[in-house]
Amino acid sequence: MATNTDAIEERPFVRTEIVQLIIEGNPEKMFEYYKNAKGYEQYAVSLGKAAGALAMAKILESIHLGKDSRILDVGAGTGIMGEKLKEVGYTNVDALDPVEEMLQFAQSKGVYKEYIHEAIIPGKKVNIADNTYDALCLLGAFLTGHITTTSLPELMRITKPGGVIVFNVFQHWMKTDPEFHKDSIEAELQSFVDNGSCTKWSKQDITVFSSNGEITPVYLLTLKQ
C-alpha cells in the first residue's frame, strides 16, 4: 500500500459535520469525509483520543493478554490505537479500516504488521480466516452508521476461542440510537453468554478524550475456550 500521505487533502475535520452525515444515513458522503485522514488525525489529537486508546490497551494488559498476542485494530483510522498498543508492548497488531486514505496514514506510523482495506458490514464476511486473532479492539468504531451489534457474530468468527473483543460506545449514540442503548447492547452481549458462544462480558468506564474528559463505557466480551 502506498504511503504518500502528502497526497491526502488536509482540511479541518469537524465533529458536528460527521455526526450530521451519520444522522442523514449517507454512507457515501460519510466515507468521502473520512478520506481526510490528516484532518482527522489533527482532530483526534486535539481531543486527546490517545487517552482512550491507552486506557483500552491497558484493559488488555489487565486481563494478562500476552504481549505476543495477535490483535486486530478494527476501524483503525490513522493508527492512534496501534500507537498505544505498541507503547504498552503489543507489537503483533494488524489494522482494518474501510477508508484507504486512513490506512495510508496509519502505515506511515509503522505500528501495524498488516493493513486490511475492508468494512465490517452486517451479513458480509471479511476476507479473514476463522479464529485468527487473540483480541479485537474497536475504539470509536462502534456507533451509528459504522459497526453495530449485528456485526458481533462476524467479529466473533475471526476471534480465537478464548479470545476477547473490546469496544467502547459513545454516550451520544447510547442516548440517541435505540440500537446502542445500554440495555440493548448488554442484552445482546448476554445472549452470547446464554447460547454458550461466550463465557462472560464485563464493562468499565474510561476517559476517551482527555481534552474534555468525555467518559464512555468499554465492553469486554470473552469467547468460549
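**View 1. The lining of the largest cavity.** Tyr40, Lys49, Asp73, Gly75, Ala76, Gly77, Thr78, Gly79, Ile80, Met81 and Leu139 line the largest cavity of this predicted model. On a 1 Å grid over the protein atoms alone, a cavity is a set of points where a 1.4 Å probe fits but cannot get out, and a lining residue has an atom within 4 Å of a point. The lining has 5 nonpolar, 4 polar and 2 charged residues; Ala, Val, Leu, Ile, Met, Phe, Trp, Tyr, Cys and Pro count as nonpolar, Asp, Glu, Lys and Arg as charged, and the others, Gly among them, as polar. The space in this cavity is about 60 Å³, where a volume is the space filled by probe spheres set on the grid points, and points are joined across faces, edges and corners. The count is 1 cavity of 30 Å³ or more.

Residues are numbered from 1 along each chain as its sequence is written. Local features need pLDDT of at least 70 and side-chain atom pairs count only at pLDDT 80 or more, while totals for chains, interfaces and linings use all residues; side-chain values use heavy atoms, without hydrogens and water.

**View 2. The largest pocket.** A pocket is an open set of grid points with protein on both sides within 12 Å along at least five of seven lines. The largest pocket holds about 670 Å³ of space. Of its 36 lining residues, Tyr34, Gly140, Ala141, Leu143 and His146 lie nearest its centre. Two or more lining residues come from each of helix H1 (15–24), helix H2 (27–34), H3, strand S2 (93–97) and helix H8 (171–176); helices (H or I, at least four residues) and strands (E, at least two) are DSSP runs, numbered from the N terminus. H1 gives the most, with 4 residues. By class, the lining has 26 nonpolar, 6 polar and 4 charged residues.

**View 3. Helix H3 against helix H6.** H3 (residues 37–47) and H6 (residues 100–107) pack at an angle of about 65°, and their axes are 9 Å apart. Axes are lines fitted to C-alpha atoms, for helices over the stretch in contact, and angles run from 0 to 180 degrees between N-to-C directions. Ala37, Lys38, Tyr40 and Glu41 in H3 meet Glu101, Met102 and Phe105 in H6, contact meaning heavy atoms within 4.5 Å. The residues of this contact are 4 nonpolar, no polar and 3 charged.

**View 4. The open sheet.** The sheet has 7 strands in the order S3-S2-S1-S4-S5-S7-S6, with mixed pairing; two strands pair if DSSP finds at least two bridges between them. S3 (115–117) and S6 (198–209) are at the edges, each with a single partner strand, so one side of each has no neighbour in the sheet. Neighbouring strands are turned by 20° against each other on average, direction ignored.

View 5. S5 (residues 159–168) and S7 (residues 214–223) pair in the antiparallel sense over 5 bridges. Asn168 stands opposite Val218 in S7. Helix H5 (residues 80–87) packs on the sheet and touches S1 (71–74), S2 and S4 (133–138), with its direction at about 150° to that of S1. H6 lies across S2 and S3 and runs at about 170° to S3.
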